[in-house]
Amino acid sequence: MTLLAGLALWVALPVLGLALLLTVVRIALGPSLPDRVVGLDLLSTLGISVVAVVALVSGNAVYIDVAIVLALLSFLGTVAFAAYLERSR
């Protein structure tokens with residue numbers, strides 16, 4: 001394991017874990033539906049970041065493809081939520 005991979009494993013993953021926890025709290029306590037949608041978008045972005053760190057640590061490039069697919073699905077989900085919110089008003 002390289003120094004960069006070790007640093008990613010011991011620094012980036014705990015920070016991303018804390019951010020995931022705070023995002024889940026934000027989703028649970030969000031006062032309105034748009035706040036929760038933004039929280040879900042952030043949650044998916046943090047998930048993509050975790051997959052990217054795992055790709056860095058493992059050295060396997062297949063995880064980057066997984067991150068790209070997650071990013072595309074996250075974008076489509078955010079657009080769908082925005083269309084739903086626009087129609088419901």
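Which residues is Thr23 in contact with, leaving aside its neighbours within four places in sequence? The points below work towards that and then move along the chain.

1. On what is being read: this is a predicted model, in which local features need pLDDT of at least 70 and side-chain atom pairs count only at pLDDT 80 or more, while totals for chains, interfaces and linings use all residues. Residues are numbered from 1 along each chain as its sequence is written, and side-chain values use heavy atoms, with hydrogens and water left out.

2. On Thr23: this residue lies in helix H1, where helices (H or I, at least four residues) are DSSP runs numbered from the N terminus. With a relative accessible area of 4% Thr23 is buried, a word that here means under 20% relative accessible area, with exposed meaning over 50% and partly exposed in between (1.4 Å probe, protein chains only). Leaving aside neighbours within four places in sequence, Thr23 is in contact with Gly39, Leu42, Leu43 and Leu46, contact being heavy atoms within 4.5 Å. Thr23 and Val38, which are 15 residues apart in sequence, have C-alpha atoms 9.6 Å apart in space.

3. On helix H1 as a whole: it covers residues 3–29, and its 27 residues should span 39 Å at 1.5 Å a residue, which agrees with the 39 Å between its end C-alpha atoms; the expected span is 1.5 Å times one less than the number of residues. The buried residues of H1 are Ala5, Gly6, Ala8, Leu16, Thr23 and Ile27, and what covers them includes helix H2 (33–58).

4. On how H1 and H2 meet: they pack at an angle of about 165°, with their axes 9 Å apart, the axes being lines fitted to C-alpha atoms over the stretch in contact, and the angles running from 0 to 180 degrees between N-to-C directions. H1 and H2 are therefore roughly antiparallel to each other, since angles over 145 degrees count as roughly antiparallel.

5. On helix H2: its 26 residues reach 37 Å from first C-alpha to last, close to the 38 Å expected at 1.5 Å a residue. Val37, Gly39, Leu46, Ile48, Val51, Val53 and Ala55 are buried in H2, and the buried residues of this helix pack against H1 and H3. After H2 comes Gly59, whose phi is positive, near 75°.

6. Phe81 has its place in H3, which runs over residues 62–88, and counts as partly exposed at 37% relative accessibility. Not counting residues up to four places away in sequence, Phe81 touches Val37 and Leu40. The C-alpha atoms of Phe81 and Pro34 are separated by 8.7 Å, although these two residues are 47 residues apart along the chain.

Definitions and conventions
Helices (H or I, at least four residues) and strands (E, at least two) are DSSP runs, numbered from the N terminus. Angles under 35 degrees count as roughly parallel, over 145 as roughly antiparallel, 65 to 115 as roughly perpendicular and the rest as oblique.
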